[in-house]
Amino acid sequence: MIFDGVLKVLKGDAWESEFDLSPKGLPRSFIAVALYIPLSFVIARAAVKYNAVEGYVPYPEIALILVLIAMTFPLIAYTLCSFFNKLENFRPWVITRNWSVLFVMAAMAAAFGLYVIGLLPFSVAFYIGMFFYLGTLAVDIRLAMRVGGFDWFGAVFAGVLITVSSMLVLLLGLAQALD
């Protein structure tokens, strides 16, 4: 149901019935965030294996960084919705984005997981992972248009702002975790 909803919202079909858009649906959508944190551990394990680094892998720090990244989106979405008088779109936008990112992370983790178990070379897993990671920009732009109610320019601005903010949190967090 939810995966079908993600596909429908991205394709431009009617998607509203596929998600719980009620007030209770917003906190429930953060289940997706809780589910994609372990998926990121697969990606981290692949990086450790590729770099032939033995020793401590900062899994708690990675989880914290991902939670912070996940919280940047609602903050940005709320700010944009407030500023552009689109607050009625805030809850559906956060709900659909949380679930959409889960499926993107699952695809990335699948590619890196195949590398970890030896079925895929790292270079292929890396390119697949980067394809899906950069695809989050396209997903954010599409969701900003379809769910957030922004025109093309506003959606591109929102998508870039979300991506840059996420990358900033990721880079700063990893710099602190790896020191």
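**Figure 1. Asparagine 85 sits in the loop between helix 3 and helix 4.** The model is predicted: local features need pLDDT of at least 70, side-chain atom pairs count only at pLDDT 80 or more, and totals for chains, interfaces and linings use all residues. Residues are numbered from 1 along each chain as its sequence is written, and side-chain values use heavy atoms, with hydrogens and water left out. Helices are DSSP runs of H or I with at least four residues, strands are runs of E with at least two, and both are numbered from the N terminus. Is asparagine 85 buried or exposed? Asparagine 85 is exposed, because its relative accessible area is 67%. The cut-offs are these: buried means under 20% relative accessible area, exposed over 50%, and partly exposed in between (1.4 Å probe, protein chains only). The phi angle of asparagine 85 is near 55°. That value is positive, in a residue other than glycine.

**Figure 2. Phenylalanine 19 lies in the loop between helix 1 (2-11) and helix 2.** Phenylalanine 19 counts as buried because its relative accessibility is 6%. What does phenylalanine 19 touch, not counting residues up to four places away in sequence? The list is Ile2, Gly5, Val6, Ile95, Thr96 and Trp99. Contact here means heavy atoms within 4.5 Å. Isoleucine 128 is 109 residues from phenylalanine 19 in sequence. In space, phenylalanine 19 and isoleucine 128 are 28 Å apart, C-alpha to C-alpha.

**Figure 3. Tyrosine 36 belongs to helix 2.** Tyrosine 36 is buried, because its relative accessible area is 4%. Neighbours within four places in sequence are left aside here; tyrosine 36 is then in contact with Leu66, Ala70, Val101, Leu102 and Met105. Which distance separates tyrosine 36 and alanine 63 in space? The answer is 9.5 Å, C-alpha to C-alpha. Along the sequence, tyrosine 36 and alanine 63 are 27 residues apart.

**Figure 4. Leucine 102 is part of helix 4 (residues 90-116).** Leucine 102 is buried, because its relative accessible area is 9%. Leucine 102 touches Ala32, Leu35, Tyr36 and Leu39, not counting residues up to four places away in sequence. Leucine 39 is 63 residues from leucine 102 in sequence. In space, leucine 102 and leucine 39 are 8.9 Å apart, C-alpha to C-alpha.

**Figure 5. The largest pocket holds about 1,100 Å³ of space.** Rolling a probe the size of a water molecule over the atoms shows where empty space is left. A pocket, on a 1 Å grid over the protein atoms alone, is an open set of points where a 1.4 Å probe fits, with protein on both sides within 12 Å along at least five of seven lines; lining residues have an atom within 4 Å of a point. Of the 34 lining residues, Ile43, Ala44, Met108, Leu170 and Leu174 are the closest to the centre of the largest pocket. Two or more lining residues come from each of helix 2 (25-50), helix 3 (59-83), helix 4, helix 5 (122-146) and helix 6 (152-177). Helix 2 gives the most, with eight residues. The lining has 26 nonpolar, six polar and two charged residues. Ala, Val, Leu, Ile, Met, Phe, Trp, Tyr, Cys and Pro count as nonpolar; Asp, Glu, Lys and Arg as charged; the others, Gly among them, as polar.

**Figure 6. The protein chain has six helices and zero strands.** The C-alpha trace spans about 50 × 30 × 30 Å along its principal axes. Buried residues make up 43% of the 179 residues. Take the contacts between residues at least 6 apart in sequence: 68% join residues at least 24 apart.

Definitions and conventions: Points joined across faces, edges and corners; volume = space filled by probe spheres on them.
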